[in-house]
Amino acid sequence: MYNILVVDDEPLICKGLAGLLNASGLGIGKIITATSGEEALDYIRMENIDLLITDIQMGEMNGIELMHQAKIVKPWVQTIIISAHETFQYAQMAIRLGARDYLIKPLNSEQFLDSVRSVLLKMDKPLPRTEEVLSAGHEDFRMEEPQTESSEPLNRLLAETVEHPDGPYPLQSYYERIGITGPYFAVIKVKLALIAANGESSFPEKDIPLMQYASLNIIKELLDQELNAQVFYAPDRSINILVQWSEAEYAEQHSNRINQLEMISRSMHHHIGKYLKIECTVGISQILKGLQFVNVLSRQADKAMIWTSEHGDYHVFYYGDFSWHNYARDPNAEELSTQSNRIVEQAKTYIEENYRQKGLTIHEVAKRNHVSPNYLSYLFKKITGFNLWEYVVKLRMEESRSLLLHTDLRRYEIAERVGYESPEHFSKIFKKYYGVSPSDLKK
């Protein structure tokens with residue numbers, strides 16, 4: 001059963017689309033409606049949403065920004081964009097962010113339901129190339145090593161320190177011939193759990209190349225529409241990804257690129273686990289300019305994954321989330337724990353000072369703490385026992401309840417005071433939190 005969130009600033013449209021979905025006969029568990037991007041984000045943070053259907057123009061937060069924020073929180077949420085304008089720029093941006101369809105108002109009911117049905121059907125199927133690989137008989141499967149002519153030099157590029165005191169990088173022209181031009185680079189490494197903790201193989205030996213190849217195909221398919229990247233096997237059976245941007249690409253206005261790398265990495269982990277039943281750990285480097293620094297980025301990606309010993313239930317690690325400069329050597333378990341506690345305490349302090357702020361996001365709290373939103377959310381949950389946004393809502397609800405019971409402020413005034421865009425949004429969250437509406441509690 002799927003949960004669907006419908007977002008439009010016109011309540012009648014929300015109601016109409018929800019009615020169509022309810023009568024569709026599709027396997028839908030829950031349909032939630034929201035009339036603003038901010039309200040929708042609350043539901044995405046607090047509910048298990050599978051499909052987001054959103055209008056593109058909605059006042060403070062448009063559908064593209066909502067989609068981007070949703071991807072930060074849950075990269076696997078699928079999206080259908082609806083719009084009153086057949087604007088190529090909007091459509092291009094939506095597809096680039098991973099929207100599954102772009103529908104123009106007024107909506108044709110049959111076309112709308114076909115689009116939803118198509119997205120829901122694909123949710124339980126592997127990506128096309130991976131499905132093809134897995135459907136091949138294991139006995140008859142014959143695999144050609146991908147990019148055999150470039151895997152060895154690319155692995156050498158990640159492993160070696162190259163001196164270049166008197167001129168350009170010595171092998172620059174060679175790497176340009178195989179498509180490595182940069183000049184901006186990042187490295188992502190995906191370590192597959194093909195060997196169990198007891199040292200035994202998790203799969204029959206003959207199936208390991210198939211699992212490697214299927215994992216590589218999932219990664220390539222997720223990257224193809226997002227980034228210019230080379231994907232190749234590492235000598236230790238893991239998978240290396242060298243991401244690059246040209247000067248022009250890097251200069252383009254874009255969302256935070258580290259967030260983009262992390263979103264894609266979380267999608268890799270999710271899809272490999274879902275379709276191949278393989279656990280994996282992903283390490284993400286920073287972004288540096290210059291081919292000569294690729295080996296530095298490779299070591300960063302390796303080092304990021306050291307933290308899996310401290311966070312065994314966390315799987316996507318970004319090098320910049322850890323204050324390496326504070327340690328002369330790799331930190332021990334006690335030092336790691338101290339740093340984690342400090343990050344959470346700083347986040348709590350910032351939230352307590354700013355929860356009344358309209359439009360407050362996890363991204364903003366994370367930025368103030370110099371960590372990624374995903375890592376901060378994980379730490380917050382691990383250390384406090386509840387997720388970060390639940391803490392924001394808790395503070396807002398406790399203050400609003402006190403204001404309702406001890407002042408004569410109206411509902412819209414209270415909503416304004418505790419950071420909600422509209423009294424309707426405030427009332428929905430209040431009723432979900434306390435089980436009664438603000439007016440009923442007042443009575």
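The structure is a predicted model, with local features needing pLDDT of at least 70 and side-chain atom pairs counting only at pLDDT 80 or more, while totals for chains, interfaces and linings use all residues. Residues are numbered from 1 along each chain as its sequence is written, and side-chain values use heavy atoms, with hydrogens and water left out.

The space in this second largest pocket comes to about 650 Å³. Val73, Trp76, Arg266, Asn374 and Ser377 are the closest to its centre, out of 24 lining residues. A pocket, on a 1 Å grid over the protein atoms alone, is an open set of points where a 1.4 Å probe fits, with protein on both sides within 12 Å along at least five of seven lines; lining residues have an atom within 4 Å of a point. The volume is the space filled by probe spheres set on the points, which are joined across faces, edges and corners. Helix α15 (373-384) gives the largest share of the lining, five residues. Helices α2 (37-46), α3 (63-73), α11 (257-276) and α16 also each put in at least two. Helices (H or I, at least four residues) and strands (E, at least two) are DSSP runs, numbered from the N terminus.

Turning to the strands, β8 (residues 239-245) is well tucked away, with seven of its seven residues buried; buried means under 20% relative accessible area, exposed over 50%, and partly exposed in between (1.4 Å probe, protein chains only). Ile239, Ile241, Val243 and Trp245 lie on one side of β8, and Asn240, Leu242 and Gln244 on the other. Two strands count as paired if DSSP finds at least two bridges between them. β8 pairs with β6 (residues 184-192) in the antiparallel sense over seven bridges, and there Val243 has Ala186 opposite. β8 also pairs antiparallel with β7 (residues 228-233), over six bridges, with Asn240 as the bridge partner of Phe232. Five residues separate β7 and β8 in their hairpin, and Arg237 in the turn has a positive phi of about 75 degrees.

As for salt bridges (a side-chain nitrogen of Lys or Arg within 4 Å of a carboxyl oxygen of Asp or Glu), the count is 13. One network of them links Asp8, Asp55 and Lys105. Lys105 meets Asp8 at 2.9 Å, N to O. That pair joins distant parts of the chain, 97 residues apart, with Lys105 in the loop between β5 (101-104) and α5 (109-123) and Asp8 in the loop between β1 and α1. In the Lys105 and Asp55 salt bridge, the closest N and O atoms are 3.4 Å apart.

Another salt bridge brings together Glu399 and Arg356 (3.0 Å, N to O). Glu399 sits in helix α16 (residues 388-406) and Arg356 in the loop between α13 (333-354) and α14 (362-368), 43 residues apart. Glu399 is buried, at a relative accessible area of 17%, whereas Arg356 is partly exposed at 40%.
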